[in-house]
Amino acid sequence: MSNIFAGKFIVLDGPDGCGKSTQTGMVSDWISCSGAEVVSFRDPGTTVIGEKIRDILLDRAHESMADNVEVLLYMAARAQLWKENIAPALEAGKCVIMDRWISSTCAYQGCAGGFGVDKVIRIGSDCLERVWPDVTVVLDVDLATSSKRMDRELDRMELKGDEYHRKVRQGFLELGDIEDSVTVIDAKNDIETVHKDVVEAINKYFEGA
Ligand code: TMP
């Protein structure tokens, strides 16, 4: 019997400091235990080209980068990741767990940067083979909680300021209203509680599948 997670595309996303990298690892372990083959990638990054684009995007020296340039670079890294890693994994029946996807471009550049969420989705539709995954779980945290979790040197995106990051959070919250495959959960709790909620959100989505 085939595993319900075989060939499924799952994204964890949210504001900086929401804990999604930790939760991505925990979800990967949980789905592996169910018997599915799981691979996990980060966006932007993973591919050689994507990691170079990531360096350009996060370099603090590139303060003057325009919002539309950000959109195109994030989208370019994502298109490469799809071709090199995601598409072959899905075709092989693996479950793909992503640390960020187009939901981030909608919240950061589309909403906080003022580029427009509709325009982000339009560009994604034109240049990606798949815009929305099977399910996107957004880990919601307030600014005070996320700032406490980021006690390290910040990159160019993280340095954009409180007002920008408040809008990023708002962008993620609003995505739940415009796209059915996006589920928002409260990520303020401890790691185990958040994991339980993520598992519940994913199970709910695949119920009856
Ligand atoms: P990460 O540190 O979570 O890997 O993400 C890198 C940074 O890039 C983070 O601040 C969020 C930001 N970002 C965007 O602004 N737009 C995007 O489309 C993606 C994927 C990330």
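The crossing of α4 and α7 is right-handed. The structure is a predicted model, and the exercises below work through parts of it.

**Exercise 1.** Determine how α4 is oriented relative to α7 and which residues form the contact.

Solution. 
- Step 1. Helix α7 covers residues 162-178, and its axis comes within 8 Å of the axis of α4, crossing at roughly 130°.
- Step 2. Angles from 65 to 115 degrees count as roughly perpendicular and those over 145 as roughly antiparallel.
- Step 3. On the α4 side the contact is made by S103, S104, C106, A107, Y108, Q109, C111 and A112. On the α7 side it is made by Y164, H165, K167, V168, G171, F172 and L175.
- Step 4. Sorted by class, the contact of α4 with α7 holds nine nonpolar, five polar and one charged residues.

**Exercise 2.** Carry out the analysis for α4 and α5, giving angle, orientation, handedness and residue classes.

Solution. 
- Step 1. Helix α4 (residues 102-112) packs against helix α5 (residues 117-127) at an angle of about 140°, and the axes are 8 Å apart.
- Step 2. With that angle, α4 is therefore oblique to α5.
- Step 3. The crossing in which α4 passes α5 is right-handed.
- Step 4. I102, T105, C106, G110 and C111 of α4 meet V117, V120, I121 and G124 of α5.
- Step 5. This contact of α4 with α5 contains six nonpolar residues, three polar ones and no charged ones.

**Exercise 3.** Classify the packing of α2 and α3 and describe the contact.

Solution. 
- Step 1. The angle between helix α2 (residues 48-58) and helix α3 (residues 67-91) is about 160°, and their axes are 9 Å apart.
- Step 2. Angles over 145 degrees count as roughly antiparallel, and α2 and α3 are therefore roughly antiparallel to each other.
- Step 3. α2 and α3 cross in a left-handed sense.
- Step 4. From α2, the residues I49, G50, I53, I56, L57 and L58 take part, and they meet E70, L73, Y74, A76, A77 and Q80 from α3.
- Step 5. The contact of α2 with α3 divides into nine nonpolar, two polar and one charged residues.

**Exercise 4.** Describe the backbone geometry at the peptide bond of D43 and P44, and at T46.

Solution. 
- Step 1. Most residues other than glycine have a negative phi, and most peptide bonds are trans.
- Step 2. The peptide bond joining D43 and P44 is cis, with omega about 5°.
- Step 3. T46 has a positive phi, near 75°, and is a residue other than glycine.
- Step 4. P44 sits in the loop between β2 (38-42) and α2. T46 is also found in the loop between β2 and α2.

Terms used. Residues numbered from 1 in each chain as written. Predicted model: local features only at pLDDT ≥ 70, side-chain atom pairs only at ≥ 80, totals over all residues. Heavy atoms only, no water. Axes fitted to C-alpha atoms, helices over the stretch in contact; angles between N-to-C directions. Helix = DSSP H or I, 4+ residues; strand = E, 2+ residues; numbered from the N terminus. Parallel < 35°, antiparallel > 145°, perpendicular 65-115°, else oblique. Left-handed = near helix turned anticlockwise from the far one by under 90°. Contact = heavy atoms within 4.5 Å. Nonpolar A, V, L, I, M, F, W, Y, C, P; charged D, E, K, R; others polar.
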